[in-house]
Structure formats: C-alpha cells, structure tokens
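I opened this entry to note how the chain packs. Below is what I looked up, in order.

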Amino acid sequence: TFSAHQLWAYHFAARYQYPKTLQAILYQESTLCRFKTSRIDHLSIGCGGLHLSTARMFDPKVTKDELLHDDARNIRIASAYLNYCGLHTPNWRWMLNCYHYGEPNERAQRLCKPKPHHKCMIDKDRYVLTIVRRLK
C-alpha cells in the first residue's frame, strides 16, 4: 500500500509532460519519494534521483538539502530534465537512457547499429526494461 505522501507524488507527477513515464521513474528512483537517497552511489537524491549538477542545469540555485526535502521542486526539475532528454534523443527508450545515465552516455550508445540477429544495447538496458515493466 502507498502512503498519502506517495500518492501525492504520483498525482503531482501527472501534471507534467510524459506523466506516466515520470511516475514510473519516481517509483524506480525513490519508491515515490519514500527513499530519497540512492543506496548505490549516494549522489542521486530526492524523488527523481537527481545528481546536484544535473538539477542545477534547470535550477541553478538549488541546494542538496532542497533536492532532498522539497519534493515538489525535485519533481519539477526531474520533469524538466526528462523533457530535455526527450527533446535531445530520437525516441522514448533513448530518453530513459539519457535520464538515467546522462546525455554523454546516450550519445555514445546512439551510435549502436544493430544487426538483424543482434539487439542494440538500449534494448537490453536494465533501467529501461525496469521502467517498461513498471508501465505495464
């Protein structure tokens, strides 16, 4: 079951472009704002699992504490970043890849030219596949 705060995060995300995708990302990154610090790298913070340097691309004055404690601000920045990735990538899967790994990695993987019997790396990416599963 979800807490009232988690339901708020889910419905708040619905206001933005790519609402279902953003909701799936919030669930993947923080279980809808329940766990706001990454257990892996401790750099991804807040509901959207953003790095401070990424967040500052869209809100130059944001601090680490604000990303961690101001859920609405974090979700707005996450939405802006997802929209940015959508504008700079050729399709939805690449958008997810850009959101999770950052644009330089996305550019490098875009060069992948799959053979008929070989799937491109993006089709095997665990993060992308997890978001696809969450949307089903």
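I began with contacts, meaning heavy atoms within 4.5 Å. Among contacts between residues at least 6 apart in sequence, 49% join residues at least 24 apart. I noted that this is a predicted model, in which local features need pLDDT of at least 70 and side-chain atom pairs count only at pLDDT 80 or more, while totals for chains, interfaces and linings use all residues. Residues are numbered from 1 along each chain as its sequence is written, and side-chain values use heavy atoms, with hydrogens and water left out.

**Elements.** I found 8 helices and 0 strands in the chain. Helices (H or I, at least four residues) and strands (E, at least two) are DSSP runs, numbered from the N terminus.

**Burial.** I took buried as under 20% relative accessible area and exposed as over 50%, with partly exposed in between (1.4 Å probe, protein chains only). Of the 136 residues in the chain, 43% are buried.

**H1.** I listed the buried residues of H1: Gln6, Ala9, Phe12 and Ala13. They lie on the same side of H1, because they cover an arc of only 125 degrees around the axis. That arc is taken from the directions from the helix axis to the C-beta atoms. Ala4 and His11 are exposed on the other side of H1. The cover over the buried residues of H1 includes H2 and H5.

**Leu50.** I left aside neighbours within four places in sequence. Leu50 then contacts Leu43, Ser44, Ile45, Ala55, Leu67, Asn74, Ile77, Ala78, Tyr81 and Tyr99.

**H6 and H8.** Last, I looked at H6 (residues 92-101) against H8 (residues 126-135): their axes come within 9 Å and cross at roughly 120 degrees. Axes are lines fitted to C-alpha atoms, for helices over the stretch in contact, and angles run from 0 to 180 degrees between N-to-C directions. H6 brings Trp92, Arg93, Leu96, Asn97, Tyr99, His100 and Tyr101 to the contact, and H8 brings Tyr127, Val128, Leu129, Ile131, Val132 and Leu135.
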